[in-house]
Amino acid sequence: MGQKRSREQDGLSGGPDKAADKMDEDGSDESDFDMVDVDFEWFNFDPEIDFHGVKSLLRQLFDVDANLFTMSFLADLVLSQPTIGSTVKIDGKNTDAYAMLSILNTAVHKDAETFKEVLQYLVQKAGTNAALAPVAELINANKHIGLIFSERFINMPSDIAPPMYSMLIDEIEAAVEDKEPYEFSHYLILSRTYTEVESTLDVEDRKKKKAKEEASTFYFHPEDEVLQKHATAFGGFAYTKEGDAVADSKRAFQEMGIKAQGHMILIEAPKFQEAIKAVKEYINPDQ
């Protein structure tokens, strides 16, 4: 019988455990920087420690539509399966997570508080994009889909993604050996993308620029662009509360703001491991 990993016990503080960060010595715009090494540690979810960190990351993942759901209940559901998925921290176990990766069985938890509203939301959003039609069909058919929540702070390096996904695969395999409900027909990754939009501030003080004929799509998570190459279906959708978000509030002193939208990637279970291998080769080609 398989035994689920406890990363603390297995000594997996692993993957790319250091990342170099550039810090300006005097706060000026000069090009002299100190290099700061940051140690990343991987941990299982701990309900006694991770509630607020997980809730915050889930809110970030759902963006402006987070207010449609009771994120406390969704965080509790994630934390109810502590040996499936990971948190990434830099100051030890007893701190908030800087990144998380979790998976929930859509069929098993379909009646759970808040999660059932999330599933209804995904079906409704899939209905707004023909490319996402298979998502709605599978959820409505009550198929065992692994709904993946993957989120991290904006300044976290993408290098942490491959080991998180690799450990998830190992944990799912062990859970299936233990006869737990993690045998999926598909994996559905909920994510976000964004497009640049011209700011409406200070229009009179600067030259107007011609709008692009087609806005380019950018990925908050670079691995998503690789994952969708292995997908049965993928596509974006507009947020319900999109009108509540003003691009100028997110432009961070840049002339261009950003407009975020939701994104879904549906991968058949037999192709998932190959997709994760491709992510690793793309992000960590030398490892």
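The legends below accompany several close-up views of a predicted model of one protein chain.

**Figure 1. Overview of the protein chain, with its helices and strands.** The protein chain has eight helices together with 10 strands, and 45% of its 287 residues count as buried. Among the contacts in the chain with a separation of 6 or more, 78% are accounted for by residues 24 or more positions apart. The accessible surface of the chain comes to about 15000 Å², and carbon and sulfur atoms hold 47% of that surface.

**Figure 2. Phe62 and Phe149 in the largest nonpolar core.** This core has 41 residues, of which Phe62 and Phe149 touch the most other members. When its neighbours within four places in sequence are left aside, Phe62 is in contact with Phe69, Met71, Leu74, Val118, Phe149, Leu190 and Tyr239.

**Figure 3. The packing of helix α2 against helix α3.** Two packed helices are described by the angle between their axes and the distance between the axes. For α2 (residues 51-62) and α3 (residues 71-79), the angle is about 115 degrees and the axes are 9 Å apart, while the crossing of α2 past α3 is right-handed. On the α2 side, the residues that take part are Phe51, Val54, Lys55, Leu58, Arg59 and Phe62, and these meet Met71, Ser72, Leu74, Ala75, Asp76, Val78 and Leu79 in α3. Within α3, the residues Met71, Leu74, Ala75, Leu77, Val78 and Leu79 are buried, and the elements that cover the buried residues of this helix include α2, β5, α4 and β6 (145-152).

**Figure 4. Helix α4 together with helix α5.** Helix α4 packs with helix α5 (residues 133-140) at an angle of about 145 degrees, and their axes lie 7 Å apart; the crossing of α4 and α5 is left-handed. From α4, the residues Leu119, Leu122, Val123 and Ala126 meet Ala133, Val135, Ala136, Ile139 and Asn140 of α5.

**Figure 5. Helix α6 and helix α8, a roughly antiparallel pair.** The angle between α6 (residues 161-177) and α8 (residues 269-283) is about 155 degrees, and their axes are 9 Å apart. Because angles over 145 degrees count as roughly antiparallel, α6 and α8 are described in that way. Their crossing is left-handed. In α6, the residues Ala161, Pro162, Tyr165, Ser166, Ile169 and Glu173 meet Phe272, Gln273, Ile276, Val279, Lys280 and Ile283 in α8.

Figure 6. Leaving aside neighbours within four places in sequence, Asn105 is in contact with Phe115, His144, Ile145, Pro181 and Phe184. Under the same exclusion of neighbours within four places, the contacts of Thr106 are with Phe115, Leu119, Lys143, His144, Ile145 and Leu147.

**Figure 7. Asp63 and Lys179, each a residue other than glycine with a positive phi.** Asp63, whose phi is near 55 degrees, lies in the loop between α2 and α3. Asp63 has a relative accessible area of 15% and is buried, since buried means under 20% relative accessible area. Lys179, whose phi is about 65 degrees, lies in the loop between α6 and β7 (186-198). With a relative accessible area of 73%, Lys179 is exposed, whereas Asp63 is buried.

Definitions and conventions
Residues numbered from 1 in each chain as written. Predicted model: local features only at pLDDT ≥ 70, side-chain atom pairs only at ≥ 80, totals over all residues. Heavy atoms only, no water. Core = buried A, V, L, I, M, F, W, Y, C linked by side-chain atoms within 4.5 Å. Buried < 20%, exposed > 50% of the residue type's maximum accessible area, 1.4 Å probe, protein only. Contact = heavy atoms within 4.5 Å. Helix = DSSP H or I, 4+ residues; strand = E, 2+ residues; numbered from the N terminus. Areas by Shrake-Rupley, 256 points an atom, 1.4 Å probe, with all protein chains shown as cover. Axes fitted to C-alpha atoms, helices over the stretch in contact; angles between N-to-C directions. Parallel < 35°, antiparallel > 145°, perpendicular 65-115°, else oblique. Left-handed = near helix turned anticlockwise from the far one by under 90°.
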